[in-house]
Amino acid sequence: MNITVNGQTRDLSPAPGTVLAAVLRERFGATSVKLACERGECGACTVLVAGRPRLACVTPVELVDGEVTTAEGLAEESADLRAAFADLGAFQCGFCTPGQVVNATALLRAGLPADAERARAKARAHMSGNICRCTGYAAIIEAVCATGRARAEAGEETR
Ligand code: FES
Ligand code: FES
């Protein structure tokens, strides 16, 4: 089968039952894809498949039906989001951060409501599957919302 990851296509013959996370880490060197619970409960392994968040630890690679993007492939797009994480203290050990950034990227592409309370509520709901044992969640939600606000303002200025 062919699989495209961060713009790179490879022909693979995975053993039956191989999960996407293993292929990403071992064949594509995408070590931002973290394995923690390995049963679809923590979000550490979140990647985008055809632009939609997927949990790579429970996704059989033979069922992947679109281009895969990991945090490595979002380096440029997520620069402002990652800066907001750093500025607002939204990580400590950083283990959950790539999955948080990938999932938040999908949300930010869709856009957040202009109203701050509604934006926070939407971000909380969208990010609820990304577990962080270090930070509590307030700073993560604030970093996502601040990035959404900044992008909306920048978009308005260029209109
Ligand atoms: S490692 Fe995939 S959801 Fe936890
Ligand atoms: S920063 Fe350590 S688990 Fe989230």
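Domain bounds, as used here, come from an automatic or database domain assignment. Keep that in mind as you work through these exercises on a predicted model.

**Exercise 1. Find the two domains and state how many Å separate their centres.**

Solution. 
- Step 1: Start with the assignment, which gives domain 1 as residues 2-74 and domain 2 as residues 79-157.
- Step 2: Take the centres over C-alpha atoms; those of domain 1 and domain 2 are separated by 22 Å.

**Exercise 2. Describe the interface: how many residues are in contact, and how much area do the domains bury between them?**

Solution. 
- Step 1: Count the residues in contact, using heavy atoms within 4.5 Å as the cut-off. On the domain 1 side there are 16, and they meet 11 residues of domain 2.
- Step 2: Turn to area. The size of an interface is often given as the accessible area lost when the parts come together. Here domain 1 and domain 2 bury about 1,100 Å² between them, and carbon and sulfur atoms account for 67% of it.
- Step 3: Ask who contributes. In domain 1, the residues losing the most area to domain 2 are Lys-34, Thr-46 and Leu-74, together 38% of what that side buries.
- Step 4: See where the domain 1 side comes from. Strand 3 (residues 46-49) supplies its largest share, 3 residues.
- Step 5: Sort the residues of that side by type: 9 are nonpolar, 5 polar and 2 charged.

**Exercise 3. Follow strand 3 to its partner and say in which sense the two strands pair.**

Solution. 
- Step 1: Strand 3 pairs with strand 4 (residues 52-55) in the antiparallel sense, over 4 bridges.
- Step 2: Pick one bridge to look at: Val-49 has Arg-52 of strand 4 as its bridge partner.
- Step 3: Now view the turn. The two strands form a hairpin with 2 residues between them, and Ala-50 in this turn has a positive phi of about 50 degrees.

**Exercise 4. Locate Thr-18 and list what it is in contact with beyond its neighbours within four places in sequence.**

Solution. 
- Step 1: Find Thr-18 in the loop between strand 2 (8-11) and helix 1 (20-27).
- Step 2: With those neighbours left aside, Thr-18 is in contact with Val-23, Thr-59, Pro-60, Val-61 and Glu-62.
- Step 3: Check one of these partners. Pro-60 is 42 residues from Thr-18 in sequence, yet their C-alpha atoms are 5.7 Å apart in space.
- Step 4: Finish with the side chain of Thr-18: one of its polar atoms lies 2.6 Å from the backbone oxygen of Ala-15.

Note on methods: Residues are numbered from 1 along each chain as its sequence is written. Chains are lettered from A and ligands numbered from 1 in the order in which they are written. This is a predicted model: local features need pLDDT of at least 70, side-chain atom pairs count only at pLDDT 80 or more; totals for chains, interfaces and linings use all residues. Side-chain values use heavy atoms; hydrogens and water are left out. Buried area is the accessible area (1.4 Å probe) that two parts lose on being put together, summed over both. Ala, Val, Leu, Ile, Met, Phe, Trp, Tyr, Cys and Pro count as nonpolar, Asp, Glu, Lys and Arg as charged, and the others, Gly among them, as polar. Two strands pair if DSSP finds at least two bridges between them. A polar contact is a pair of N or O atoms within 3.5 Å; within protein, one must be able to donate a hydrogen and the other to accept it, and residues adjacent in sequence count only if both atoms are side-chain atoms.
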